[in-house]
Amino acid sequence: MDVGLTGKVAIVGGGSDGLGYAIADRLLKEGANVTLFARRAEKVTAAAQQLAGTYGEEKVLGLTADCSADTDIERVTASTVERFGPAVHVLVTNDGGPPIRRISELTDEVWLKAFERHFFYVVRSVRATLPHMTAEGGSILNVVSGVVERPAVGMAASVGVWSAVIGYAKTLALEVARQNINVNTLLSGFFDTALLGGLLERQPQLSKAGLGNGVPMGRIGEPREFADLVGALVSPNLRFVTGAVIPVDGGAGIGMGMGASFDSPTSK
């Protein structure tokens with residue numbers, strides 16, 4: 001099915017690997033022109049070259065940029081319109097998460113850095129991109145952690161930052177709806193990415209199998225599955241869906257999987 005993205009222009013944050021790379025790949029597959037960016041130059045170059053080899057160099061722009069730097073965000077947008085034309089139709093904000101620390105360990109410096117890198121990244125991206133989106137309409141999609149709805153010890157910074165992003169996104173959805181722009185947020189569960197791999201290295205008591213066992217579907221997700229939903233949500237065909245906060249987690253947000261079930265006394 002044609003989702004209407006052929007020739008459209010998209011900006012994807014954190015696009016060098018993981019969910020961001022899968023999203024960039026999906027949008028390119030649908031015919032969009034894609035700018036992807038991340039902090040590490042070598043990873044961005046490798047990702048852009050791989051995608052260009054599949055979809056053509058003229059369709060892909062890879063940039064090294066730090067999402068916490070306002071000048072970098074402005075440069076990403078400026079480079080995109082210079083390369084692909086004045087309109088930007090899709091903005092996907094996506095970038096890791098704050099450090100895992102207990103509340104007692106969260107200094108003002110840590111809190112401020114978390115908001116600078118993750119909340120203000122969204123605000124600045126919208127500010128830079130929105131003027132290029134209003135003429136034709138478009139889609140803004142924020143990727144945040146599902147922990148915002150399932151708080152856990154050590155995740156206070158993530159819960160705080162992502163809660164702010166969700167509130168901002170819902171309000172933005174109201175303000176830009178008449179300009180034919182929709183704004184949605186996806187809550188990510190566990191996916192087989194390098195980010196998850198890093199978490200498992202730091203916490204060897206965890207494993208992919210163990211995490212998957214706590215998901216109702218009995219497994220963690222593949223990045224492609226996440227990207228498939230993104231491809232649909234940023235389509236002009238789904239523009240009427242806005243202000244939504246959608247979990248993509250194999251059902252983890254609605255309850256524990258069979259690996260953590262409890263038998264009733266009468267079942268014995």
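Predicted model: local features only at pLDDT ≥ 70, side-chain atom pairs only at ≥ 80, totals over all residues.
Residues are numbered from 1 along each chain as its sequence is written, and side-chain values use heavy atoms, with hydrogens and water left out.

β1 covers residues 9–13 and β2 covers residues 33–38; they run parallel, joined by five bridges. A word on terms. Strands (E, at least two residues) and helices (H or I, at least four) are DSSP runs, numbered from the N terminus. Two strands pair if DSSP finds at least two bridges between them.

Now the whole sheet. It is open, with seven strands in the order β3-β2-β1-β4-β5-β6-β7, and the pairing is parallel. Which strands stand at the edges? They are β3 (60–64) and β7 (245–248). Each has a single partner strand, so one side of each is left without a neighbour in the sheet. From one strand to the next, the twist averages 15°. Angles run from 0 to 180 degrees between N-to-C directions, and axes are lines fitted to C-alpha atoms, for helices over the stretch in contact.

Next, helices on the sheet. α2, residues 41–55, packs on it and touches β2 and β3. Contact here means heavy atoms within 4.5 Å. The direction of α2 makes about 175° with that of β3. Then α5, residues 156–176, lies across β5 (138–145), β6 (181–188) and β7. α5 runs at about 160° to β6.

Stay with β6. β5 and β6 pair in the parallel sense over eight bridges. Ser-139 has Asn-182 in β6 as its bridge partner. Is β6 mostly covered or mostly open? Mostly covered: eight of its eight residues are buried, meaning under 20% relative accessible area with a 1.4 Å probe, protein chains only (exposed is over 50%, partly exposed in between). In a regular strand the side chains alternate between the two faces of the sheet. On one side of β6 sit Ile-181, Val-183, Thr-185 and Leu-187. On the other are Asn-182, Asn-184, Leu-186 and Ser-188.

The search uses a 1 Å grid over the protein atoms alone: a cavity is a set of points where a 1.4 Å probe fits but cannot get out, a pocket is an open set with protein on both sides within 12 Å along at least five of seven lines, and lining residues have an atom within 4 Å of a point. A volume is the space filled by probe spheres set on the points.

How many cavities of 30 Å³ or more are there? Two. Ile-11, from our opening pair, is one of its lining residues, along with Phe-37, Ile-73, Val-76, Thr-77, Leu-91, Ser-125 and Thr-129. α3 (70–84) gives the most, with three residues.

The second largest cavity has a volume of about 30 Å³. Its lining includes His-118, Tyr-121, Val-122 and Trp-162. Here α4 gives the most, with three residues.

Last, the second largest pocket. Its volume is about 190 Å³. Of 13 lining residues, Phe-191, Gly-221, Glu-225, Asp-249 and Gly-250 lie nearest its centre.
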